[in-house]
Each structure stands twice: as C-alpha cells, then as structure tokens.
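Please read each one alongside the sequence and the model.

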Amino acid sequence: MISDMIIKVIFLGVCVCVLNMILRQTQSIFTVVINIVFVISAVIVLAAYVSDSINNFKELLDVSTVSGKMLRCLYKGTLICILTGISSDVCKESGNIVVSNIIDITGRVMLLVLAFPYIESIIKTASAFLI
C-alpha cells in the first residue's frame, strides 16, 4: 500500500521534472503551474493515507500513557514541518527566495510556540531538582 503510494509520487515527480526541463527553455511560467499541479496531485494521493494515520493516532492516544496533549503537539509539529516545507519549496522553485525564507522562519517560530509550554515544564522540573 505505502510502496504503491511512493511509486505514484515518484513517477509524478519524475514526469514533472522532465516537463520542467523541456518547458524551462521556452515557457518558464508553465513550470510553476506544473509544480503546483504536482503538489496538489501528491496531496490527493496522500489523502487516503492521512486518514489512516489519523485513526492510528487516535488509537495511540487511547492506549498511551503519554499525555494526549503532548502527542497532539507532536502531530501538529509534524504537519507544520510538512506544510511549510512544501510551501517553501514551491516558492523557491518559482524564484521567490524571500517568500520561501519567510515561510521557513514562520514554520520554525510556530514550532517554538507549540513547544514552549513543554520547554517551560522541563525547566521548572529541572530547577526543582537543583533547589
């Protein structure tokens, strides 16, 4: 199942690369459009697997001794990394390096904001042992 999905995404990616190499010489505007269509297609292919992942995540929350809040934070952090990575790469490919960098920085800041309550908790626990 997963290998089929990987093969589909790889095949689409290779097709996009070939099309981009052909069109880059004459009509470079189409390369951005093709890249965006590829990203949308890959997301559609991944959609079925994401729903399975969410169900597995819910089962993990039910049986885990780890706080559900902590696992949700991990899940959100993973999604932030994936979405900012894809968005940043699309912007880089279209030549918008500044926008790409801003997206990267925003994703990193959001990860810090998401993790801050846990960092604070770790510092409080460590300081309690030191005192």
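1. A salt bridge is taken here as a side-chain nitrogen of Lys or Arg within 4 Å of a carboxyl oxygen of Asp or Glu. By this criterion, a search of the whole structure finds one salt bridge. The model is a predicted one: local features need pLDDT of at least 70, side-chain atom pairs count only at pLDDT 80 or more, and totals for chains, interfaces and linings use all residues. Residues are numbered from 1 along each chain as its sequence is written, and side-chain values use heavy atoms, with hydrogens and water left out.

2. Which side chains meet in the salt bridge? They are those of Glu120 and Lys124, at 3.5 Å from N to O. Side chains of opposite charge can pair when their charged atoms come close. Because Glu120 and Lys124 are four residues apart in helix α4, about one helical turn separates them; helices (H or I, at least four residues) are DSSP runs numbered from the N terminus. Glu120 is partly exposed at 34% relative accessibility, whereas Lys124, with a relative accessible area of 53%, is exposed. For these classes, buried means under 20% relative accessible area, exposed over 50%, and partly exposed in between (1.4 Å probe, protein chains only).

3. Helix α4 covers residues 97-130 and includes Val109. Val109 belongs to a nonpolar surface patch with Val98, Ile102, Ile105, Met110 and Val113, and together these residues have about 550 Å² of accessible area. Such a patch is made of residues with over 30% relative accessible area and no salt bridge, with nonpolar side chains (Val, Leu, Ile, Met, Phe, Trp, Tyr) joined within 5 Å. The areas come from the Shrake-Rupley method with a 1.4 Å probe, and for residues only the protein chains shown count as cover. Val109 itself counts as partly exposed because its relative accessibility is 42%.

4. Is Ser100 buried or exposed? Ser100, also found in helix α4, is buried, with a relative accessible area of 0%. Ser28 lies in the loop between α1 and α2 and counts as partly exposed at 44% relative accessibility. Ser100 and Ser28 are 72 residues apart in sequence and 19 Å apart in space, C-alpha to C-alpha.

5. The largest pocket has a volume of about 840 Å³. It is lined by 28 residues, of which Ala42, Val43, Leu46, Ile82 and Ile86 lie nearest its centre. The elements giving two or more residues to this lining are α1 (2-24), α2 (29-63) and α3 (68-93). On a 1 Å grid over the protein atoms alone, a pocket is an open set of points where a 1.4 Å probe fits, with protein on both sides within 12 Å along at least five of seven lines; lining residues have an atom within 4 Å of a point. Grid points are joined across faces, edges and corners, and the volume is the space filled by probe spheres set on the points.

6. By class, the pocket lining has 20 nonpolar, five polar and three charged residues. Here Ala, Val, Leu, Ile, Met, Phe, Trp, Tyr, Cys and Pro count as nonpolar, Asp, Glu, Lys and Arg as charged, and the others, Gly among them, as polar.

7. Met21, in helix α1, is exposed, with a relative accessible area of 59%. Met21 and Thr125 are 104 residues apart in sequence and 55 Å apart in space, C-alpha to C-alpha.

Technical notes. Patch = residues over 30% accessible without salt bridge, like charges linked within 9 Å, V, L, I, M, F, W, Y side chains within 5 Å.
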